[in-house]
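Here is my notebook from a first walk through this model. I wrote down what I looked up, in the order I looked.

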Amino acid sequence: MFAVIIADYFFAIASLGSVAEVLRQFAVVISNIALGLGVISLLRIHGRNVQRRLEGRWLYSIVTIITFVSVFLLGIINTNGDQYTWAFNHVYTTLQQTMYASTGFFIVSSAYRAFRARNIDAGLLLIAGCIVVFTNAPIGEVIWSGFPVIGDWLLGPGQLPGYRVLMMIAGFGTIVYAYRVITGNERGFFGGGE
Amino acid sequence: MANPTIFERLDKLDRRIYYWLIVIVITWPLVSPIGLPITVKPSTRALYDGLTAVQEGDVVLIDIFMSVSTWPECMGGLVVETNTLLDRGARLIYVGNSVDVSRSWERLNELVPRLGLLEYGTDVVFLGYYTGADAAASQMAVDMSSIFPADHFGTPIDDLPLMSDANSATDYAMVLFTAEGEVKWIQQWGEPYGVPVAGMGIAMKGSALAPYLASGDIFGLAVGVRGAAELEKLAGMPAAATTTMDAISSTHLLFVILIVLANLPIIYNKIKGGS
Amino acid sequence: MAYPTELWGIMGLWVGAVLTVAIYSYMLYKENPLYRLAEHIYIGIAFAITAVVAVQNTNRIAVTPLLNGQIVFIIPIILGLGMYTVFVEDYRWISRYSIAVLVGCMLGVVTSGTLIPNIINQITSTIAAPSGATMMDWFNFLYVGIGTICALSYFLFTREHTGVLAPTARLGRLIVMVALGVMFGNTVLFRMSMLSGRIEYLLQVLGLIPM
């Protein structure tokens, strides 16, 4: 598969292109069907909690399973139905946004507890970070007109060498990883073993 | 045992105190807006200039990668992009790589009512959710109908007149990404087919996208809610993102104050010459 | 979007507000049963939505074309279903074929795509001198060029960072720290805007600010 896709990228051969197209479609379908793997894992974990009546957990696991089954059935029966739409719009949307946003509290906590400039490296990181914080917020320009000037430089050429290198290394790493996978040296995604 | 110093007391401060502080500093400017001015970054202006250069009839692909959780960051910018492109007479095709993309589409229609006034299938199409990331983007560049045999609503793609003009990458005037997922468009559409790529990323992506902007792989970039507010200012339609910037100001100020407070013991000890 | 007037709409808003407060009660107060309940409802509904979308999408992109005569789609459907044998110890080997196809395709696409934008264009952009440039442009060009070389030297792990590599690796590390600091500053914006969105929602439900 890998060889066909790579060859299709470098060589404009019609038959190769057709095969590559089919393979890409296969990958899309397989990845779509594989979305259910997480669901099965979830049901197994929570089903086990209920089966073993794990202290402090099994009642919540019942809630999870009931929520899953009811919303899933509602969605399968009629995606445009009022009940499913209500659950999607008011329960899922709200909870998804809320869970994601709760990291805002944790970053405040980390600002106070973890971001200590104990050496030059950490100090440089914090100074650059604080300047960008004041650049992103309109109040920064009110406090000092220099913040947007330095901040815009940091957001442009300032951070460019560091991130460019990280990107290039990630690119090299991808190619090396692909080579290791093709030669059989990398089998972590198979779950280990022979 | 000696009395704890002020720094030691500050160090042991219950975290709930600053959690409540952050809630208060967010609430106050939302209830009582200040309206601090926003300056526009060159990358956002480049994005907006690219949008206004679109010609009537051009087909634009918009990838609503964002999930509902990134609405505060990106929905404002998506609204401005949609309104600007509609003003230019562009034809829009929306896709999404997030399972809740249908909700984002509904929200976009609530915020841009004239999307509903367009002739669906001719001026605008919502193809819906896709999986496969890079493989899907690569295949879409060759044959959209192979990834989307029907749109989100189940209409066969052959029954959508717009899709007959927009089945491969070369039919598109540009690709706009939203929130994340930009790399696949750069790598699978921008570089092989020369399709202009731009968009707005979540704030965390601002750094990761800077090299692409510098090398010309993307022509414009609006970053986070700040970028969305800048787009609203350029388009002359201040909305949710602009309103949020006051809360951003207050929270960011508190954030820096907390960092300074946390580092006071280190600064104090360094001045005193201790460890 | 105006404040809803029908009963289910109003109920939906208030259910959302209660769930939001339940989640944040963990941070603002302490862990409590209401938080655990909201958390587990979220897990259940999130996976349910994912499952529904997966079934719909599979039907749209594979099953319907198969039933319309495109027999070739039987192959990815079988391979996709084969992934589920990962849960059965004795038949786990079947899933490896599915994973192999998926990984092979994805790696091919990603590897071919990463070469030019992520590596070649970045090198070209680093060494291309600015034209018609100001002093600042030349300063930026030198900073980016020297900074990139130094940062690359920092990531050389096959040679000890001594001799000529010592100062360049040290400078490279500092340059990477600057980049990470910028990312940290952007992350703060991201997190705070998320949180602002939620507080705004609560204030709208309470009617303290317009919807």
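**Domains of chain C.** I found domain 1 (1-69), domain 2 (79-128) and domain 3 (130-211) in chain C. I then looked up the C-alpha centres of domain 1 and domain 3 of chain C, and they lie 35 Å apart. Their contact takes seven residues from domain 1 of chain C and five residues from domain 3 of chain C; two residues are in contact if their C-beta atoms, placed from the backbone, lie within 7 Å.

**A note on the model.** I kept in mind that this is a predicted model, where local features need pLDDT of at least 70 and side-chain atom pairs count only at pLDDT 80 or more, while totals for chains, interfaces and linings use all residues. Residues are numbered from 1 along each chain as its sequence is written, and chains are lettered from A and ligands numbered from 1 in the order in which they are written.

**Chain C as a whole.** Which elements does chain C have? I found six helices and zero strands, running α-α-α-α-α-α from the N terminus on. Here helices (H or I, at least four residues) and strands (E, at least two) are DSSP runs, numbered from the N terminus. The C-alpha trace of chain C spans about 70 × 60 × 40 Å along its principal axes. Its radius of gyration is 27 Å, whereas a compact globule of 211 residues would have a value near 17 Å. That radius is taken over C-alpha atoms, and the globule rule is 2.2 Å times the number of residues to the power 0.38. I also read that 45% of the 211 residues of chain C count as buried. A residue is buried if 20 or more other C-beta atoms lie within 10 Å of its own, exposed if 12 or fewer, and partly exposed in between, with C-beta atoms placed from the backbone. Of the contacts in chain C between residues at least 6 apart in sequence, 18% join residues at least 24 apart.

**Helix α1 of chain C.** I followed α1(C), residues 7-28, which has 22 residues and reaches 30 Å from its first C-alpha to its last, close to the 32 Å expected at 1.5 Å a residue. The expected span is 1.5 Å times one less than the number of residues. Among its buried residues I marked Gly12(C), Gly16(C), Leu19(C) and Ile23(C). What do the buried residues of α1(C) pack against? I listed α5 (82-101) and α6 (103-113) of chain A, α2 (15-31) of chain B, and α2 (33-67) and α6 (165-205) of chain C.

**Where chain C touches chain A.** This contact takes 94 residues from chain C and 89 residues from chain A. On the chain C side, α2(C) gives the most, with 23 residues. That side divides into 61 nonpolar, 27 polar and six charged residues.

**Where chain A touches chain B.** Here I found 43 residues from chain A and 43 residues from chain B. α2(A) gives the most to the chain A side, with seven residues. By class, that side has 24 nonpolar, 11 polar and eight charged residues.

**Chain B.** I counted 12 helices and six strands in chain B. Buried residues make up 57% of its 275 residues, and its C-alpha trace spans about 80 × 40 × 35 Å along the principal axes. Its domain assignment gives domain 1 (6-32 + 249-272) and domain 2 (42-238), with 39 Å between their centres, taken over C-alpha atoms.

**A strand pair and one residue.** Is strand β3(B), residues 124-129, mostly buried or exposed? I found six of its six residues buried. β3(B) pairs with β2(B), residues 91-96, in the parallel sense over five bridges; two strands pair if DSSP finds at least two bridges between them. Val95(B) has Gly128(B) in β3(B) as its bridge partner. Last, I looked at Asp87(B), found in helix α4(B), residues 71-87. Asp87(B) counts as partly exposed because 13 other C-beta atoms lie within 10 Å.

Notes: Domains from an automatic or database assignment. Nonpolar A, V, L, I, M, F, W, Y, C, P; charged D, E, K, R; others polar.
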